[in-house]
Amino acid sequence: MLTFTWIALRFIHFTALMLVFGCALYSTWLAPFSIRRLMARRFLRLQQQAATCSFISAALMFAVQGGLMGSGWQDVFSVPVWGAVLQTQFGGVWLWQIILAFVTLAVVLIVPRNLPRLLLILTLGQLLFLAGVGHAAVNDGVLGGLLKTNYALHLICAAAWFGGLLPVIYCMRIAKSRWREQAIDTMMRFSRYGHVFVAGVLLTGIFNLLFISGFTAPWQTVYGQLLALKIVLVLLMVAIALTNRYVLVPRMREENHRANLWFIWMTQIEWGIGGVVLAIVSLFATLEPF
């Protein structure tokens, strides 16, 4: 039960963090300047809710890690055990994760004028710190630094891709208003840079697989089988993204109502598959690689 709690919290933390990052990406970069404020207002409540989940899950993950290191649930809320966790590599890195999550929550509740830019910086920092824990942090030296850098790029590209899908659906809605041209331009920019995000996820994922597996065939293990499922699902997401970009988007410019509906449905399916991928990634933390 404690392990399941850890997996669930990890899933919540990753999902919430990527949502905040993806929405901030639109409000600071992807959207034309004329509708950035509109998008920032629209995404505010979602970002507040996601930032709250991100902070709570980060704090609880630290406590649950104490239970996993100790004797179970009785050590989850043991201050001495927390002190022991802080002495580990995970504890040292995760303390900063909690601090940044708390600052992110405070910022999104205060709502300063430069909120989107601050959220982008703070969530980017959290994604970078995530690379300091898990399987990528096992190695030291040059190889360890290379793996951490690769995993950080993997997380950033994945967050930009997955976190940017829900704002696409919002763009579809405002495309029916006087903001139609700006909304379509925003979706086109996400689609254009999405090629970079997707390529980044695939290339860094392949690099990570080759070095962690030691260039061996891992498919007989539970980890390897889940990894194979993850690869299939990511490729399915790529196929949906390409269909949206090169089949449906051109038809949308012709004000094809059916193409609009198909685009929304396909994007929702892509986002759902991404959620399953994140669930698999959350399971990886409890399994030996190979």
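Predicted model: local features only at pLDDT ≥ 70, side-chain atom pairs only at ≥ 80, totals over all residues.

First stop, D75. Set aside its neighbours within four places in sequence, and D75 is in contact with A63, G66, G67, G70 and V81. Where does D75 sit? In the loop between α2 and α3, and α3 covers residues 79–86. Is D75 buried or exposed? D75 is buried. Yet D75 has no salt bridge. The nearest side chain of opposite charge is R10, and R10 is 21 Å away.

Second stop, helix α5, residues 115–130. How far apart should its ends be? Take 1.5 Å a residue: the 16 residues should span 22 Å. The end C-alpha atoms are 22 Å apart, so the two values agree. Now look at what is tucked away. The buried residues of α5 are L115, P116, L119, L120, L122, T123, G125, Q126, L127 and L130. What covers them? The cover includes α1 (2–30), α2 (33–69), α4 (89–110) and α6 (141–163).

Last stop, the second largest pocket. Its volume is about 540 Å³. How many residues line this pocket? The lining has 15 residues. Lying nearest the centre are R37, A40, R113, N114 and P116. Two or more lining residues come from each of α1, α2 and α5. Which element gives the largest share? That is α2, with 6 residues.

Keep P116 in mind: it is buried in α5, and P116 is also among the residues nearest the pocket centre.

That's my tour. Thanks.

Conventions
Residues numbered from 1 in each chain as written. Heavy atoms only, no water. Helix = DSSP H or I, 4+ residues; strand = E, 2+ residues; numbered from the N terminus. Expected span 1.5 Å × (residues − 1). Buried < 20%, exposed > 50% of the residue type's maximum accessible area, 1.4 Å probe, protein only. Contact = heavy atoms within 4.5 Å. Lys, Arg positive; Asp, Glu negative; His and termini not counted. Salt bridge = Lys/Arg side-chain N within 4 Å of Asp/Glu carboxyl O. 1 Å grid on protein atoms, 1.4 Å probe; cavity = no way out; pocket = protein on both sides within 12 Å on 5 of 7 lines; lining within 4 Å. Points joined across faces, edges and corners; volume = space filled by probe spheres on them.
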